[in-house]
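Biologist: Could you put the model on the screen so that we can go through it together?

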Amino acid sequence: MSVLTEFQRPELLQIIALTLRVTGAALLVATLTGVPIGALLGLVRFRGQRVVTLALYTGMGLPPVVVGLFVYIALSRSGPFGALGWLFTPAAMIVAQTVIAFPLVAGLTMSAVAGVDRAVRVQVTALGASRSQTAWTVVREARVGVTAAIVAAFGGIISEVGAVMLVGGNIDGQTRVLTTAIVLYTRQGDFAMAMALGITLIAVAFAANILLLRLQGRFRDS
């Protein structure tokens, strides 16, 4: 059976749709929380900031399987959030991917904002801008770096397999995404389907990154 024939299998569209749904939701939550927190950390100075920074940088390198383990324990029947009944559902996969994406978005946003030339802040303040207006100007100056943070987070979660495998269970038609399906079909010796899924994953990631980079280009030109 050729790889091209595998693209016609009906379950492929379902797997792609769930992959985009889980990754898109996790990226949205991580962006909505990570960008403001990262910007705030890049703008202000406070006691214990180095500890927070160290925690964020450590979070950026957390192995996905470790994140999956902690989310699994938290959502298991005896865990603190077991009553939600999210284990082995897309909701649990979104939670795990959000935990992976958040430190990337917040940490890289913090670095981008902190890297803005201090002269910009001084100049805007000298022109009579309020603290909020000054902060907004600094964040706008860092917009390219902020977009790069979102791109990095997207790449990190759409390609990870350990966390979603643990908390999702790779259930056919319910929690099977591209990465977990590739693992399954490879183990079964169905290399044609695994290759088709791999090519699809690369194509989806490529298309999404084109979209994000075009957005970054608009920000740069604005």
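Predicted model: local features only at pLDDT ≥ 70, side-chain atom pairs only at ≥ 80, totals over all residues.

Biologist: Where does Phe 88 lie?

Modeller: Phe 88 sits in the loop between helix 4 and helix 5. Helices here are DSSP runs of H or I with at least four residues, strands are runs of E with at least two, and both are numbered from the N terminus. The phi of Phe 88 is near 65°, a positive value in a residue other than glycine. Most residues other than glycine have a negative phi.

Biologist: How many aromatic pairs does a search of the whole structure find?

Modeller: The search finds one aromatic pair. Tyr 72 belongs to helix 4 (residues 64-75) and Phe 88 to the loop between helix 4 and helix 5, so the pair ties together parts that are 16 residues apart in sequence. For the terms, rings of Phe, Tyr and Trp (its six-membered ring) pair if their centres lie within 6.5 Å; planes under 30 degrees apart are stacked, those over 60 are edge-to-face and the rest are tilted.

Biologist: Let us step back. How many helices and strands does the protein have?

Modeller: There are eleven helices and zero strands. The C-alpha trace spans about 70 × 45 × 25 Å along its principal axes. Of the 222 residues in the protein, 43% are buried.

Biologist: At what angle do helix 2 and helix 5 pack?

Modeller: Helix 2 and helix 5 pack at an angle of about 35°, and their axes are 6 Å apart. The contact between these helices contains 21 nonpolar, nine polar and one charged residues. An axis is a line fitted to C-alpha atoms, for helices over the stretch in contact, and angles run from 0 to 180 degrees between N-to-C directions. Ala, Val, Leu, Ile, Met, Phe, Trp, Tyr, Cys and Pro count as nonpolar, Asp, Glu, Lys and Arg as charged, and the others, Gly among them, as polar.

Biologist: How many cavities of 30 Å³ or more are there?

Modeller: The count is one. The largest cavity holds about 40 Å³ of space. A cavity is a set of points on a 1 Å grid over the protein atoms alone where a 1.4 Å probe fits but cannot get out, and its lining residues have an atom within 4 Å of a point.

Biologist: Which helices each supply at least two residues of that lining?

Modeller: They are helix 2 (11-43), helix 5 (90-114) and helix 8 (143-158). Helix 2 gives the largest share, three residues. Among the lining residues are Thr 19, Met 93, Gln 97 and Glu 160. By class, the lining has six nonpolar, four polar and one charged residues.

Biologist: New topic. Which residues of helix 10 are buried?

Modeller: In helix 10 (residues 178-187), the buried residues include Leu 178, Thr 179, Ala 181 and Leu 184. Val 183, also in helix 10, is partly exposed, with a relative accessible area of 23%. Just after helix 10, Gly 189 has a positive phi of about 80°.

Biologist: What about Asn 170, where does it lie?

Modeller: Asn 170 lies in the loop between helix 9 (162-168) and helix 10. Its phi is near 55°, a positive value in a residue other than glycine. Asn 170 is buried, with a relative accessible area of 9%.

Biologist: Last one: is Val 116 buried or exposed?

Modeller: Val 116 counts as buried, at 17% relative accessibility. Val 116 is in the loop between helix 5 and helix 6 (118-126). From Val 116 to Thr 89 there are 27 residues in sequence and 41 Å in space, C-alpha to C-alpha.

Note on methods
Residues numbered from 1 in each chain as written. Heavy atoms only, no water. 1 Å grid on protein atoms, 1.4 Å probe; cavity = no way out; pocket = protein on both sides within 12 Å on 5 of 7 lines; lining within 4 Å. Points joined across faces, edges and corners; volume = space filled by probe spheres on them. Buried < 20%, exposed > 50% of the residue type's maximum accessible area, 1.4 Å probe, protein only.
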